[in-house]
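Subject: Structure handover

Hi,

Here is the structure I promised to pass on.

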Amino acid sequence: MKVLTIDLDYIMAPWIEVYQDHAPPPGSSRHSSAIKHWTHVFNSTQFRESMFYIDQPNLLFCFNTFLKSIKNCESVSFGYDHDSILYDIAKFDNIDLINIDHHDDFFHGIENDGPDDLGIEDEIEAELSLLKRFDHVNEGNWGAWLHLNGKLNSFTWICNPNSANRERDSITEKITDFKSVFKEDYEFENYDFDHIFICLSPDYTPRCHWHYFTMFINAFEEFTGKNAIIHTSKFEIDNNIGIVHNEILHQRANGGRPLSGSGLREWTPLRK
């Protein structure tokens, strides 16, 4: 299965590493709204929305790739956080994925509660452990989640030259068929994909540029005559609640069978 996914934070190359380093981190849409996050950024720092210009060649690259690809694809969806792609592709196997993104989204990184000098390899090992033990998937490690669930065949990351995540490429390459490449060095074999997903990442894309997400949606609907499928739920949250639901379901006295007429059933993101 061939999948193309585009995260619009890719167009923020000129500024994204700057505000990630010097602005308050997003609470993430898991805990608060992205609107609240950006309001906090502008109220607590010297950053102003007008400062955050985009990389226009990156935008054109994304949009042109999208327009060429939707001609031949019957399955297209949109979402706000990148883990929402799993609503559409988690049930498939042998996925060859191309991710146009400022972040690799294979590993998210974890908050370090231990020594400050925890190395990249140890951090990755710790994140893999959390994924294996607790199914702790989020918008930054859904690639590793696909790998651990035996769904991933290959993962190509079209990144920015200043993408900080590139420092762990050599480790990720040892785990799966992974490679990172700049857009100038990548040539599509064709634009035939089984699924296309477009992501806004509002915690990482400033509000003044959210209209580009609307532009992609409008272009899709105008070009295809279809209504866009837009995921407003977050897979991470549904998955976490689903795990709790399954735990409760199987602790009942009737052996885990749903109560009569309740309609309860196990949560599984891999159901076909």
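Ile-98 sits opposite Thr-156 of strand E4, a position within the parallel pairing of E3 and E4 (residues 152-159), which counts six bridges. Strands pair here if DSSP finds at least two bridges between them, and the element names are DSSP runs numbered from the N terminus, with helices (H or I) of at least four residues and strands (E) of at least two. Thr-156 also has a bridge partner in E5, namely Lys-179; E4 and E5 are parallel and joined by five bridges.

Before going further, a word on conventions: this is a predicted model, in which local features need pLDDT of at least 70 and side-chain atom pairs count only at pLDDT 80 or more, while totals for chains, interfaces and linings use all residues. Residues are numbered from 1 along each chain as its sequence is written, and side-chain values use heavy atoms, with hydrogens and water left out.

**The sheet**

On its other pairing, E3 (residues 95-100) runs parallel to E1 (residues 2-7), with five bridges between them; Thr-5 faces Asn-99 of E3 there. Five of the six residues of E3 are buried, where buried means under 20% relative accessible area, exposed over 50%, and partly exposed in between (1.4 Å probe, protein chains only).

What is the order of the seven strands in the open sheet? It reads E5-E4-E3-E1-E6-E2-E7, with parallel pairing. E5 (178-182) and E7 are the edge strands with a single partner strand each, so one side of each has no neighbour in the sheet. Helix H8 packs on this sheet and touches E2, E6 (195-199) and E7. The direction of H8 makes about 160° with that of E2, taking axes as lines fitted to C-alpha atoms (for helices over the stretch in contact) and angles from 0 to 180 degrees between N-to-C directions.

His-211 belongs to H8 and is partly exposed, at 43% relative accessibility. Its C-alpha atom is 9.6 Å from that of Leu-200, a residue 11 places away along the chain.

**Cores and helix H3**

A nonpolar core, in these notes, is a set of buried Ala, Val, Leu, Ile, Met, Phe, Trp, Tyr and Cys residues joined through side-chain atoms within 4.5 Å. The largest one has 44 residues, and Tyr-19, Phe-66, Phe-78, Ile-196 and Phe-216 have the most contacts inside it. At least two residues of this core come from each of E1, H1 (16-22), H2 (34-44), H3, E2, E3, E6 and H8. Beyond its neighbours within four places in sequence, Tyr-19 is in contact (heavy atoms within 4.5 Å) with residues including Trp-38, Phe-52 and Tyr-204. Another core lies apart from the largest one and has 26 residues, among them Ala-90, Ile-95, Leu-131 and Leu-146.

H3 has 15 residues and spans 21 Å from its first C-alpha to its last, close to the expected 21 Å; that expectation is 1.5 Å times one less than the number of residues. Its buried residues include Leu-59, Phe-63, Phe-66 and Ile-70. Among the elements covering the buried residues of H3 are E1, E2, E3, E4, E6 and H8.

**Salt bridges**

How many salt bridges does the structure hold? There are eight, each being a side-chain nitrogen of Lys or Arg within 4 Å of a carboxyl oxygen of Asp or Glu.

- Glu-74 and Lys-226 form one, with their closest N and O atoms 3.1 Å apart. Glu-74 lies in the loop between H3 (56-70) and E2 (76-79) and Lys-226 in the loop between H8 (211-224) and E7 (230-231), so this pair ties together parts 152 residues apart in sequence. Glu-74 is exposed at 68%, whereas Lys-226 is partly exposed at 34%.
- Asp-81 and Lys-234 form another, at 3.7 Å from N to O. Asp-81 is in the loop between E2 and H4 (86-89) and Lys-234 in the loop between E7 and H9 (235-249), so the pair ties together parts 153 residues apart in sequence. Both of these residues, Asp-81 and Lys-234, are buried.
- Glu-184 and Lys-183 meet at 2.9 Å, N to O. Glu-184 is exposed at 58%, and Lys-183 is buried at 16%.

Shared partners also join Asp-81, Asp-83, Glu-139, Lys-234 and Glu-236 into one salt-bridge network.

Best wishes
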